[in-house]
Amino acid sequence: MELVRRLRLRKEPVPLCSSSVSVLIRGFVADVGCELLYRNEELGPVEVVFKFPMDAEAAVYAFEARLGGACIQAQLHEKKQAQELYGDTLAGGQSSFLLQQEGTGGDVFSCSLGNLPPGEEAVLTLRYVCELPLEPDGAARYVLPTVLRPRYTPHGWHGEDVTQGVPRVPQRELPYILSLSATLQSPHGINRVLSNCPLTPLSYTAGNRTTAQVSLAQAPPWDRDVELLVYYAEPHKPSAVLEAGLPGAKPGSLMGDPAVMVTLLPSVPEAVLAQSRAGEFILLLDRSSSMTCPMDSRDLFPQRIDSAKETLILLLKSLPLGCYFNIYGFGTEFESFYPQSVEYTQQTMAESLQRIQLLQADLGGTRILEPLQAIYRSPSRDGHPRQLFVFTDGEVENTQDVITEVWRNRGTHRCFSFGIGDGVSTALIKGIARAAGGSAEFITGQDRMQPKVLQSLKRALQPAVTGISLSWELPPGMQAQLLHRGPEVIFAGQRSLVYVQLRGQPQPPDTPMVGVTLQYGIQDQTYKETLQFPLQPHDGDRLPVHRLAAKSLLLELEGGVGAGLEGARHRALEASLSSGVLCSLTAYVGVDTERGLLVQGPLVRRDVPLTDLIRKCVEMRDYALISEVSIDRVYECPASRVRLDEPNYRSVFGRLSHDLRAAQRMPEESPLLRLVSLQNADGSWDLDPQLAAVLGVSETDARERIPSEDVTPNIWATVLAVVWLHDQAVGQRDEWELLEAKAVSWVRDRAGARLSECLKAANALLGCSVGPAVFGL
């Protein structure tokens, strides 16, 4: 405890003054420049080390410094060589700066500036480019990660602790600020921009609304990642972006030839996407202690575990009869509802619903590898493809081990992953989804988890797509070479990105349109979609398509490096050095040789602190956090039966007074969730007092208004429930669409000719005006 007190009271100068971010968003690509302004106000030279998060799929391609009026471009080297050069330079008294990826996860970087003389300023600028995901509501989502939470170190893991040594202080004590400005471009028009932080008014710089600018209205708090949601006029339109090669680069090389980024959005006919009753659905839920943190740092409720439980209920109700399922929870230990997956019936659904409602975040740390291994050891069921849903807010040091385990079992399942809360590891969430052909979603701030999860369930229920191939229509003498494996999984409505290098004879400007055709099969039917585009390169010298293509290739090659393949290591190192895109094997290093200034005096290291987000979270709840303490004995939390016996686990949650917990208000269950909870596994509802209360009528009145003796109470109850959904919960349609489809199918099979009469009576009772198309009439 004395060590903790000293750490909290320690006051050290922090040379980082500000961070300024400029973003150019073109469609679904963001080109970002981050400036870090340092000032040494001490009497001697300092070395500043700043560790920060970044999207695991971002391509860092440039690093430079302005020192005393001199602009110094860093060079990319093999990582060990860069580190040695940096160290030798510091030892010789010269100023130097280093940018490298920490560990093997790919989403934590460190920026070091050594031998900054007393009284001097330095501005370090790093540039990166990243793809922007398409949100369910059609927005392009850019996230600037600012939250770096401590990584959980599992017992027996001997790798590097990438967040060890990062000082953490309350947000109000951070001495530096953040500013962000964004330029937006889209040929189809920009409708609006939203953010989780206050913005200046959107300023259009072109009369047709194809270009605009926006900035943060004030310095944002450091307890959340900064998000921009950009809404375009035509977000779902396929496109192709062609870039010429880098001038002076060798033809035939990665950077020397033209590159194309093709965005495809397969439009599979609705009739083909009929839900399958087959499937094994395994839901893996993080029940570590940090899941007690609120979804939004600005609000007390709901807790992450509460939102996840509500999501599990909706998922459970949306599964089709005849499938199989199981639910796992994990922390320091793990447990499952059933020894093996069970058939989805009324009995197993009702039993699981009761158990979900009792779930707590009471399993300690974040050990995800062991439950995954247990799932993969359990036998699969013939005719029921396995679909794995992973929910976690965690960050683990053995991210690559987890991804490798999922990749080894990629032929047995699809993985859909969900990152909960600010600071979640993009390397983990995206990596496991990519490894097993699923999709990744992130839920932060005031996002609702349910729409994104139900969207993924719709994908999981789609029939498997087979025979995926690409064919190109190019002029003679030109060939297209994929820079990654290409599309291996297709989901209706989901973007599919393809990066291609165009090799061969350069073409004249008047070359006719070229084309790419995507072909795939579903249930013995073949589908083709063709996109045509001109061979006219886009303007710009930053080459974002080439950088993203290189990063896509590096992600594949680094997966082989993690598996111990020497050939993959050699190819990854070559691709990184030739493209200038940083990876786990390389680092950027710059040396101040222009000024010839040798710094005198002992060098003092200053680590830039970050917000202690976890402490803030638990102070809002009924836990207290002790950080930066090595644990070498067993701690037990009476309230949660958690045992933390890992020597490197750096967070201990202790119970505060029972009175504080009793004083907290519990989140009120929504009417939609109460209605959903009453639904039977086959899609029907029973006519009982609980349903009547949700509908806002008395059970007696409801029974008296049954339109005919031929209509059973549960048919009538199901019609009432569906009408209520369409009238009272239309804004949450994405959350109940699948379970409503079960209900409509069930009632159509049983109501027959009486269905129109039931609908008319239900509208009259509930005061609604739901049309007959809802029931297919």
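**A walk through the predicted model**

The protein's secondary structure comes to 18 helices and 37 strands, taken as DSSP runs (H or I of at least four residues for helices, E of at least two for strands) numbered from the N terminus. This is a predicted model, where local features need pLDDT of at least 70 and side-chain atom pairs count only at pLDDT 80 or more, while totals for chains, interfaces and linings use all residues. Residues are numbered from 1 along each chain, and side-chain values use heavy atoms, leaving out hydrogens and water.

Of the 777 residues, 57% count as buried, meaning under 20% relative accessible area with a 1.4 Å probe and protein chains only; exposed means over 50%, and partly exposed is in between.

Let's zoom in on helix H4, residues 346-357. Its 12 residues reach 17 Å from first C-alpha to last, close to the 16 Å expected at 1.5 Å a residue (1.5 Å times one less than the number of residues). Thr348, Met349, Ser352, Leu353 and Ile356 are buried in H4. Seen down the axis, these buried residues fall within an arc of 135 degrees (from the directions of the C-beta atoms off the helix axis), so they line one face of H4. On the face of H4 turned away from the buried side sit the exposed Gln347 and Gln354. The cover over H4's buried residues includes helix H3 (304-318), strand E20 (324-330), strand E22 (342-343) and helix H13 (671-677).

Conventions. Contact means heavy atoms within 4.5 Å.
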